[in-house]
Amino acid sequence: MTTIMIVDDYIPSHRLMSFVLEQYGYTVVTAIDGVQALRHLDSYAVDLVVTDLTMPRMDGIELVREMRANERFSGIPVIIVTGSVEERDAVKAAGVGVNAFLTKPVDSDDLIHEVERQLQREALRRTA
């Protein structure tokens, strides 16, 4: 079973994304910020992370920095889903190793398409 972690401090957002992903057969783990997400990464075998950009305690950029610096988590694909439409945020996200950048409100089909695309890329990378 594929496990996806959703990291978002806005509960309605992670509930909606959880619902959509679970409808497609994914197991979902949630966290409200980067600090909690890092703790969950130690406890769960996560295949992909979907994170908001702006959160208290640890934002999405810092979460990805921490993940990329840790050998155990560095290969996990990360999708940012954010309300920010600023080009500089997308550039900063790419610079720390984010795999995809989507803006809220995210269309359910777009979310599923990007999740599946990133999981397929990771599967190909592992077999190469």
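This report describes the sheet of a predicted model, the helices against it, and a few single residues.

**The sheet**

Five strands form an open sheet in the order S2-S1-S3-S4-S5, with parallel pairing. Strand S2 (27–31) and strand S5 (100–103) are the edge strands; each has a single partner strand, so one side of each lacks a neighbour in the sheet. From one strand to the next, the twist averages 20 degrees.

Strand S4 (residues 78–82) and S5 run parallel and are joined by four bridges. Ile 79 has Ala 100 as its bridge partner in S5.

**Helices on the sheet**

| Helix | Strands touched | Angle between directions |
|---|---|---|
| H1 (residues 11–23) | S1 (3–7), S2, S3 (48–51), S4 | about 165 degrees, with S2 |
| H3 (residues 60–69) | S1, S3, S4 | about 160 degrees, with S3 |

Strands S1, S3 and S4 are touched by H1 and also by H3.

**Helix H4**

In helix H4 (residues 87–96), the buried residues are Asp 89, Ala 93 and Val 96. These residues lie on the same side of H4, because they cover an arc of only 70 degrees around the axis. The exposed residues on the other side of H4 are Glu 87, Arg 88, Val 91, Ala 94 and Gly 95. The buried residues of H4 are covered by elements including H3, S4 and S5. After H4 comes Gly 97, which has a positive phi, near 105 degrees.

Thr 82 is located in strand S4. Its relative accessibility is 3%, under the 20% cut-off, so Thr 82 counts as buried. Leaving out residues up to four places away in sequence, Thr 82 is in contact with Asp 52, Leu 53, Phe 101, Leu 102, Thr 103 and Lys 104. Of these, Phe 101, Leu 102 and Thr 103 fall within the range of strand S5 (100–103), the strand joined to S4 by four bridges.

Val 106 sits in the loop between S5 and helix H5 (108–127). With residues up to four places away in sequence again left out, Val 106 touches Val 81 and Leu 111.

Terms used. Residues are numbered from 1 along each chain as its sequence is written. This is a predicted model: local features need pLDDT of at least 70, side-chain atom pairs count only at pLDDT 80 or more; totals for chains, interfaces and linings use all residues. Side-chain values use heavy atoms; hydrogens and water are left out. Two strands pair if DSSP finds at least two bridges between them. Helices (H or I, at least four residues) and strands (E, at least two) are DSSP runs, numbered from the N terminus. Axes are lines fitted to C-alpha atoms, for helices over the stretch in contact, and angles run from 0 to 180 degrees between N-to-C directions. Contact means heavy atoms within 4.5 Å. Buried means under 20% relative accessible area, exposed over 50%, partly exposed in between (1.4 Å probe, protein chains only). The arc is that of the directions from the helix axis to the C-beta atoms.
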